[in-house]
Amino acid sequence: MYANGQLIFADLHFKDHHEHQVPIQIYYGREHSDIGYVEQYSEGFIKVNNVFYNRMQFTFVSRPGY
């Protein structure tokens, strides 16, 4: 189980969130960008709310219970 606010970054983290429909929050620097469910993930991008986010530019945080 992931803790609320836990940083996620590995493929396994995104796979777990996708399979179990655990929401994630996305930040660009310290600024909130989006929140939603992982639709797709790859080595370079995470798709949330029909938008692709670059894994090198954004920070992803687990939000179970949101």
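Reply:
**The lysine and its surroundings**

Lys-47 counts as buried, because its relative accessibility is 15% (buried means under 20% relative accessible area, exposed over 50%, and partly exposed in between, with a 1.4 Å probe and protein chains only). The structure is a predicted model, in which local features need pLDDT of at least 70 and side-chain atom pairs count only at pLDDT 80 or more, while totals for chains, interfaces and linings use all residues. Residues are numbered from 1 along each chain as its sequence is written, and side-chain values use heavy atoms, with hydrogens and water left out.

Lys-47 belongs to strand β5 (helices, H or I of at least four residues, and strands, E of at least two, are DSSP runs numbered from the N terminus). If residues up to four places away in sequence are not counted, Lys-47 touches Tyr-37, Val-38, Glu-39, Gln-40 and Phe-52; contact here means heavy atoms within 4.5 Å. With one of these residues, Glu-39, Lys-47 forms a salt bridge whose closest N and O atoms are 4.0 Å apart (the rule asks for a side-chain nitrogen of Lys or Arg within 4 Å of a carboxyl oxygen of Asp or Glu). Glu-39 itself is partly exposed, at 32% relative accessibility.

Ile-46 stands opposite Tyr-53 of β6. In a regular strand the side chains alternate between the two faces of the sheet. The hairpin of β5 and β6 has two residues between the strands, and there Asn-49 takes a positive phi near 55°. Asn-50, in the loop between β5 (45-48) and β6 (51-54), also has a positive phi, of about 65°, although it is not a glycine. Most residues other than glycine have a negative phi. Asn-50 is exposed, with a relative accessible area of 57%.

Asp-11 pairs with Arg-55, their closest N and O atoms being 2.6 Å apart. Asp-11 lies in helix α1 and Arg-55 in the loop between β6 and β7 (59-62), so this pair ties together parts that are 44 residues apart in sequence. Asp-11 is partly exposed at 40% relative accessibility, whereas Arg-55 is buried at 17%. Glu-19 forms a salt bridge with Lys-15, with the closest N and O atoms 3.5 Å apart. Both lie in helix α1, four residues apart, about one turn of the helix. Glu-19 is partly exposed, with a relative accessible area of 48%, and Lys-15 is likewise partly exposed, with 35%.

Methods: Two strands pair if DSSP finds at least two bridges between them.
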